[in-house]
Amino acid sequence: MLKTRIIPCLDVKDGRVVKGVRFEGLRDAGDPVEAAKVYDAAGADELCFLDITASREARGTLLDIVSRTAEACFMPLTVGGGVRTVEDVRALLLAGADKVAINTAAVKDPDLVARAAEKFGAQCIVVAIDAKRVSGPDEPARWEIFTHGGRDPTGIDAVAFARLVAEKGAGELLVTSMDKDGTRSGYDLALTRAISDAVTVPVIASGGVGGLDDLVAGVAQGGASAVLAASIFHFGQASVAEAKAHMAAAGLAMRLDGPASSARAPL
Amino acid sequence: MSTETVAIIDYGSGNLHSAAKAFERAARESGRDARICLTSDPEVVAAADRVVLPGVGAYADCRRGLDAVPGMVEAMTEVAQRAGRPFLGICVGMQLLASRGLEYETTPGLGWIPGDVAPIQPSDPTLKIPHMGWNTLRVARDHALLAGIPTGEDGLHAYFVHSFALAAERPEDVVAQAEYGGPVTAMVARGNIAGTQFHPEKSQRLGLALIANFLAWRP
C-alpha cells in the first residue's frame with residue numbers, strides 16, 4: 001500500500017539554512033547538507049530545499065549544496081526557489097535534485113511547466129502554489145495566487161490555476177496557504193481539499209503546521225498525499241519518527257522502516 | 001576476490017551521481033570490492049562485469065537518448081544476451097527492457113522482457129497519478145536480488161514515481177508487484193536480466209540491500 005509522505009522542508013539562503021536546525025549533536029546547524037543527512041537517517045520520506053536567496057549570482061552555491069546532498073542522502077530531494085527557465089530545471093536535476101519546484105515563473109508562463117515536463121518528465125516537475133483566501137466570511141471560499149512571498153496578488157483563482165498546471169504536465173502540486181504560513185495554527189484544510197479534489201496528481205499540504213494533529217488533518221481532511229513541515233521538526237518539537245507514529249495511530253498508512261541503513265549517519 | 005567493474009550507463013538521462021554513490025555505499029557496506037563507473041562508452045559497457053541501465057523521463061526520450069550513443073544498444077545486447085552477465089534496469093531503464101512503450105507515442109523497447117509499458121489505471125479513480133512515494137512489495141516469486149529483504153505489507157518500502165507500468169506477457173517474468181488500485185509491476189527478471197520500477201538508489205534500506213544483492217548476484 002502506498003504510504004503518506006512526511007517531507008521536512010529547509011529554507012536555504014546564500015547556502016545556509018535560515019534560522020538553523022536545532023538538533024542535538026548537529027555540528028553545524030546552518031549547513032543544509034548536515035541537516036539533510038540527519039533527516040535521511042531519521043526516516044524522512046523526502047526532503048525539500050526552498051532557496052530564498054535573492055541574487056542570481058548565488059545560484060552556484062545552491063547547486064553545490066544539492067550535489068553534496070544527493071551524494072550523501074539516498075532519498076528523494078525536491079528543490080525550489082528562483083526557478084525561471086527550462087535551463088534552471090536542467091541545472092538542478094543535473095546537480096542531483098529528483099524533483100524541481102516552479103513557483104512564480106509558472107504563474108507568469110504556465111507553458112514553462114509543459115516545456116519542462118516534456119523535456120524531463122512530469123514526475124520531476126512540481127508546481128508550488130502560494131494562495132491566500134480572498135472571499136469574505138459569508139461567501140463561498142475562494143483563493144487567489146500570490147507571488148513574491150505572498151506580497152503580490154495576481155487575480156488568478158488558485159483552484160483553476162491548479163487544474164491548468166496539472167494539465168500542462170505538473171506531476172505534483174505543493175500547496176501553501178499564505179494566510180497560515182508561520183502561524184502554527186494548522187493547514188488551510190479547505191484550500192488543500194479544494195485543490196486535491198480538482199486534480200488527479202498528488203498534492204503536498206504546506207503552511208501552518210503547529211502540532212502533529214495538523215499533519216493528520218492535512219491528509220484526513222485536506223486529502224493531501226504528503227505533508228510538508230519545517231519548524232516543528234527543525235526545532236525539535238517533534239521527530240519524524242514521532243510524527244509518523246502519531247499519524248499511524250490516527251489510522252493513516254505510514255512508512256515505519258526505521259533508519260536508512262545499518263550504518264548511522266554521522267551526527 | 002578480484003575487483004569487479006560495474007558500469008552505470010550514462011546516456012543523458014538525468015543525474016547519475018547519486019546512483020553511483022548508492023552503488024559505492026552498498027559495495028562498501030557489504031564488503032565488496034567493486035569499481036563503479038558512470039560511462040557513455042559502449043566498450044566499457046561491453047567489458048563490464050555488471051551493467052546498470054537507469055532512466056528517468058519519458059520513454060521515447062530515453063530510447064532516443066540510448067540510440068544516440070553509437071554502439072550502446074549493441075554493447076548492452078552483447079553483455080546481457082550473449083555474455084549473460086548481470087544486468088539491472090531501473091525505472092524507465094526497466095521499462096526499456098519491454099517490447100514497447102506506449103507513452104505519448106509507440107516506441108520499441110529492447111524486447112528482452114516481452115510486454116507493453118502502458119498507463120497505470122487504478123480501479124479506484126480517487127488514487128492519484130503518478131504513483132508517487134513509498135510502497136511495499138508483494139513478491140510473486142523468490143529472487144536473489146530480494147534475498148534477506150523483508151517484503152509484504154509489513155516489510156520494507158521502495159520509492160516509486162511513475163505513471164506507466166510494464167505489463168509482462170509471461171507471468172513468470174514478474175518477480176514483485178506493488179498494490180495501487182490493482183497490481184502494478186514492481187520488479188521483473190529473466191535469467192541474468194532484472195529490472196525494478198522503483199528506485200533502489202532512493203529507497204534507503206531496501207534499496208541499499210537490493211543493490212548489495214545485485215553486486216553479489218551470480219545468475
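Me: In which sense do strand β7 and β11 of chain B pair?
Reply: This is a predicted model, so everything here is read from computed coordinates. Strand β7 of chain B covers residues 115–119. One link in the pairing joins Ala118(B) to its bridge partner Ala165(B) in β11(B). Over 5 bridges, the sense of the pairing is antiparallel.

Me: Which strands of that open sheet in chain B stand at the edges?
Reply: The sheet has 4 strands with mixed pairing, in the order β6-β5-β7-β11. An edge strand has a single partner, so one of its sides is left without a neighbour in the sheet. That describes residues 107–108 and 164–168 of chain B, which are β6 and β11.

Me: What feature does UniProt place at residues 18–215 of chain B?
Reply: Over that stretch the chain is 27% helix and 30% strand, and its end C-alpha atoms are 17 Å apart. The record is an unreviewed entry, and the feature it gives is "domain: Glutamine amidotransferase".

Me: Which element gives the largest share of the side of chain A that touches chain B?
Reply: The contact takes 32 residues from chain A and 34 residues from chain B. On the chain A side, α2 (59–72) and α3 (86–95) each supply at least two residues. The largest share, 3 residues, comes from α3(A).

Me: How many charged residues are in the contact of α2(A) with α3(A)?
Reply: The axes of these helices come within 8 Å and cross at roughly 35 degrees. Leu63(A), Val66(A) and Ser67(A) in α2(A) meet Ala91(A), Leu92(A) and Ala95(A) in α3(A). By class, that contact has 5 nonpolar residues, 1 polar residue and, for charged residues, none.

Note on methods: Residues numbered from 1 in each chain as written. Chains lettered and ligands numbered in written order. Predicted model: local features only at pLDDT ≥ 70, side-chain atom pairs only at ≥ 80, totals over all residues. Contact = placed C-beta atoms within 7 Å. Axes fitted to C-alpha atoms, helices over the stretch in contact; angles between N-to-C directions. Nonpolar A, V, L, I, M, F, W, Y, C, P; charged D, E, K, R; others polar. UniProt positions renumbered as here; feature names shortened; annotations may be inferred. Pairing = 2+ DSSP bridges.
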